[in-house]
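Work through the exercises below with the structure open. Try each task before reading its solution.

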Amino acid sequence: MADLPAAIPELVARFGPHLHSSPPGGWAANGDPDRLVKTHCCFCGQQCGIQLKVRDNKVVGFEPWEEFPFNRGKLCPKGVKRYLQNEHPDRLLTPLERRAGAGFAPIGWDAALDRTASEMRRIQQAYGPDAFAIFGGASFTNERAYVLGKFARVALRTANIDYNGRLCMVSAGAASKKILGIDRSANPWNDITKADVVLVAGANIAECAPITTDYLWQARERGAKIIVMDPRLTPIARTADLFIPVRPGGDIGVFNGMLHVMIARGWIDSAFIDAHTTGWAAVEACVRNYPPERAAQIAGVPASLIEKAAALWGPARTSFILHARGIEHHSKGVDNCMAAINLAVATGRIGREGCGYAMITGQGNGQGAREQGQKSEQLPGARDIDDPKHRQEIAAVWGVPEPSIPHKGLTVVPMIEAIHDGRIKGLLSFCFNPAVSLPDGNYVRRAFEKLEFFGVADFFLSETARYADVVFPVALMEEDEGTTTSVEGRVIHHRQAVNPPGEARQDWKLVCALADRLGAGDKFRFQSAREIFDELRLASRGGIADYYGITYERIDNEFGVFWPCPSDGHPGTPRLYEGGRFAHDDGRAHFQAVDWRPAAEEPDLEYPIILTTGRVVSQYLSGTQTRRIGGLVNQCPQPRCEMHPRLAAELGVGDADFVRIESRRGQIVVRAQIVKTIRPDTIFVPYHWPLDRSPNNCTIRAIDPVSNIPEFKICAVRVTKTVAPSDPIAALAPEAGGIR
Amino acid sequence: MSELAFFIDYSRCIGCQACVQACEECDTHRGRSMIHLETIQRRETVQTAPQVCMHCEDPICAQVCPADAIKKTSDGVVQSSLKPRCIGCSNCVLACPFGVPKYFGDIDQMMKCDLCYDRTSIGKRPMCATVCPSQALSYTTLEEIERSRDGVPSNVWRFGHEVVRTKVFVVLPRQAPAVHVDVLRGDGSVAHAGGRVDDVAEMLNG
């Protein structure tokens with residue numbers, strides 16, 4: 001591809017983001033809905049139950065679904081307003097084709113599919129099968145993820161498929177697998193309420209997983225102590241019993257320092273360690289080097305806070321660890337998570353009521369979408385793509401020779417690098433807006449310009465889709481049927497509420513049509529999502545993430561079923577590791593000793609300030625969906641740079657002043673927000689906005705060596721006061737990347 | 001089992017505005033949110049505070065209404081102004097000790113939180129308290145609150161020497177189980193009741 005097919009303001013004028021603020025017919029159009037559809041929110045990993053009001057095949061509103069046990073009717077602002085997407089004026093209603101200099105023109109489905117399939121063939125014949133890559137997404141249902149993974153391996157036969165969960169759950173997943181044996185939260189959320197101490201590490205629960213707040217508060221009402229680690233004093237940290245304002249990247253200092261104190265004070269469960277674990281001696285030797293004073297230097301906090309944390313955590317009767325992107329988005333993200341999980345295993349407080357561990361999955365199907373085979377190293381059932389036995393099992397289900405299944409391919413960031421160096425020439429991307437969500441955004445966008453063919457499937461023309469040759473209009477969650485697997489490991493049922501608008505189609509139908517054109521149609525004769533799920537169940541059978549005993553009917557009758565659920569009569573498994581039985585072959589947990597190491601880029605004289613990124617409650621991920629909803633945009637119209645008054649004084653910056661944030665890779669201009677609730681050595685900018693408002697212009701393309709998660713949570717920047725920008729991008733509406 | 005009641009627990013609020021967004025979805029005032037969510041002093045703290053109508057036993061808004069447009073139902077819910085009577089004078093907006101009534105110029109009428117009367121009168125919970133992720137807003141029984149909460153519910157407010165009793169309860173810390181609204185200093189700054197400091201730089205000093 002080359003440059004954008006039209007100037008950005010022209011693309012924005014035609015395709016948005018525009019704000020949509022009222023239901024179909026306007027607020028005055030009252031009247032009873034034709035029906036209420038019990039389904040789930042399309043946004044984060046909590047997958048709250050919700051009822052959508054439908055009238056005349058349009059989603060016109062919502063009603064809380066109080067019976068669904070996870071959220072009992074509770075919703076965050078995104079859940080309340082998600083219904084406004086179905087009739088959004090920015091929806092893509094036909095396939096589009098790039099017209100250089102003129103933007104995009106509508107084309108028919110057959111033409112779009114034919115061109116995409118022929119480009120796939122051409123590129124693979126010219127450059128080899130792996131030169132055409134696939135991006136998937138963790139907002140995909142299990143069914144879509146399964147079909148896309150099978151498509152890559154069976155129809156396209158490329159090794160290069162990966163998904164945007166690579167930016168989300170992979171550090172937590174890898175750590176969990178290494179120590180406990182399974183990549184899933186170990187406990188259902190009810191266990192949080194029964195813990196006597198809850199450690200929240202790098203999780204802005206109030207804004208990124210709002211419904212979990214009530215679980216935390218229920219624990220607190222019972223007298224639980226709450227410990228929060230975060231560089232920012234978040235809404236849950238405000239009333240925590242202990243807030244540890246850890247330096248970005250300093251988490252291992254806190255975890256290893258706590259374990260050092262716990263060993264010294266005898267607050268570990270030696271009997272449990274002897275009976276149920278391996279590797280303890282190495283951990284003990286490792287944390288000997290983390291006395292509180294040294295640990296405190298690494299963590300950038302007073303040693304007394306680490307000692308207090310150990311004193312709260314160590315002797316507790318029951319406990320729960322929750323962590324999220326704050327400790328995971330690092331080039332040592334897996335190590336961070338392992339150091340956290342060590343704390344649960346060392347006390348033997350796991351696999352029991354009120355005792356456990358959970359990663360807070362960020363994306364809607366963050367859990368399930370990684371299990372069905374769109375993750376570069378996995379086949380369905382969370383199987384290992386390089387394990388001969390696992391390959392045989394899946395080859396048998398798919399009816400293909402085992403050697404025809406490609407091996408592990410590149411993950412997301414190395415794929416962008418492979419586009420730059422010419423190893424990948426074609427890309428078809430679903431459910432992903434890497435132009436906003438990947439680090440080192442300028443490098444990412446330049447990569448798209450180098451592709452010989454770029455196809456994008458989305459419901460809106462995302463910032464990424466602007467670079468596409470062909471754009472496919474696809475369906476929202478409420479316009480398709482399928483299952484997702486929530487943050488708890490609970491498999492739930494999204495019911496179809498309405499048909500997709502215009503010519504938009506469900507993603508899996510697009511994938512099956514492409515498979516047909518590639519000559520593999522006989523493997524993709526699915527007529528419904530249920531048929532896909534039935535094959536998925538079979539493919540997952542005997543795997544780690546075993547869905548075999550789960551059916552749509554059971555999900556509906558039981559408010560979801562927790563995997564593993566290996567047979568029809570199996571009740572599902574809300575809590576893993578009961579009785580100290582872990583998922584490794586030896587049945588034991590495998591402690592992992594981890595030493596702290598610096599970030600890929602620490603601040604220095606030239607770039608002296610730490611930039612960390614995250615979310616706000618009213619926006620979701622790259623904002624493709626939520627930057628189009630009026631009420632949500634009004635809540636936080638544009639990103640601001642949070643900085644402490646002490647840093648602001650050094651920089652001569654006042655509240656709401658414009659500041660330029662520069663790293664070695666790029667820059668943005670945003671307004672400052674001066675708050676005492678952040679470390680003075682760190683600034684924070686939320687990442688939901690594009691172009692010159694995207695802090696990912698500054699973030700670094702460093703990845704964890706095991707999980708390949710990017711280091712979104714720390715890079716070095718300098719900050720200077722500046723004047724209001726007056727360029728054409730700045731003049732756009734804030735939701736499109738402008739600034740006010 | 002006593003009747004369902006509305007409880008506000010400010011210590012639980014996370015400022016997410018789910019209440020604000022959900023309020024405007026209510027059938028009786030679609031597109032207009034009646035709830036207030038106050039960000040106290042963002043520079044100093046992330047504390048936020050939701051404010052629904054407290055439904056005073058003796059509502060001051062109704063007392064000061066020259067048009068007799070504000071009525072209380074027999075079950076103690078203070079309603080929005082009656083459209084044929086409201087003259088848009090905003091006396092109620094100025095008089096309410098909780099700052100609840102809103103004057104809407106486009107319809108020249110005061111509207112306010114009516115405890116989702118269309119929902120609560122048929123046994124449903126109010127929209128805001130149903131969706132509230134932190135349950136800073138909750139609609140349940142006094143017994144359930146006493147069973148499940150560490151704090152103490154109170155519906156008695158002391159504004160200096162004036163006592164106001166409300167249908168809506170607030171959940172207060174056990175150590176400070178009364179609301180004295182004179183904790184505001186004369187200069188308008190907030191007296192930190194618990195002496196809590198939200199300055200991360202000070203925390204790092206140990």
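**Exercise 1. A helix and its surroundings**

How many of the 10 residues of helix α5 (residues 170-179) of chain A are buried?

*Solution.* Start with the ground rules. The model is predicted, so local features need pLDDT of at least 70 and side-chain atom pairs pLDDT 80 or more, while totals for chains, interfaces and linings use all residues. Residues are numbered from 1 along each chain as its sequence is written, and chains are lettered from A and ligands numbered from 1 in the order in which they are written.

Step 1: A residue is buried if 20 or more other C-beta atoms lie within 10 Å of its own, exposed if 12 or fewer, and partly exposed in between, with C-beta atoms placed from the backbone. Helices (H or I, at least four residues) and strands (E, at least two) are DSSP runs, numbered from the N terminus.

Step 2: count. Eight of the 10 residues are buried, so α5(A) is largely enclosed by the rest of the structure. They are A:Val170, A:Ser171, A:Ala172, A:Gly173, A:Ala174, A:Ala175, A:Ser176 and A:Ile179.

Step 3: find the cover. It includes β12 (319-323), α14 (325-328), α15 (333-346), β13 (356-359) and β22 (589-590) of chain A. Contact here means C-beta atoms, placed from the backbone, within 7 Å.

Step 4: look past the end. Just after α5(A), A:Gly181 has a positive phi of about 105°.

**Exercise 2. A covered strand**

Which residues lie on each side of strand β17 (residues 453-458) of chain A, and which strands pair with β17(A)?

*Solution.* Step 1: check burial. Six of the six residues of β17(A) are buried. One side carries A:Phe453, A:Gly455 and A:Ala457; the other carries A:Phe454, A:Val456 and A:Asp458.

Step 1: list the partners. Strands pair if DSSP finds at least two bridges between them. Strand β16 (residues 426-430) of chain A runs parallel to β17(A) over five bridges. Strand β18 (residues 470-473) of chain A is also parallel to β17(A), over four bridges.

Step 2: pick out bridges. A:Leu428 is bridged to A:Gly455. A:Ala457 is bridged to A:Phe472.

**Exercise 3. Two packed helices**

At what angle do helix α4 (residues 142-156) and helix α20 (residues 507-517) of chain A pack?

*Solution.* Step 1: read the geometry. The angle is about 15°, with the axes 9 Å apart. Axes are lines fitted to C-alpha atoms, for helices over the stretch in contact, and angles run from 0 to 180 degrees between N-to-C directions.

Step 1: classify. α4(A) and α20(A) are therefore roughly parallel (an angle under 35 degrees).

Step 2: name the residues. From α4(A), the contact includes A:Val147, A:Leu148 and A:Phe151; from α20(A), it includes A:Trp508, A:Val511 and A:Leu514. By class, the contact has nine nonpolar, no polar and three charged residues. Ala, Val, Leu, Ile, Met, Phe, Trp, Tyr, Cys and Pro count as nonpolar, Asp, Glu, Lys and Arg as charged, and the others, Gly among them, as polar.

**Exercise 4. A hairpin in chain B**

In which sense do strands β7 (residues 152-159) and β8 (residues 162-172) of chain B run?

*Solution.* Step 1: these strands are antiparallel, joined by seven bridges. B:Phe159 is bridged to B:Glu162.

Step 1: inspect the turn. Two residues lie between the strands, and B:Gly160 takes a positive phi near 60°.

**Exercise 5. Where the chains meet**

*Solution.* Step 1: chain B gives 35 residues and chain A gives 45.

Step 1: α7(B) supplies the largest share of the chain B side, four residues.

Note on methods
Two residues are in contact if their C-beta atoms, placed from the backbone, lie within 7 Å. Angles under 35 degrees count as roughly parallel, over 145 as roughly antiparallel, 65 to 115 as roughly perpendicular and the rest as oblique.
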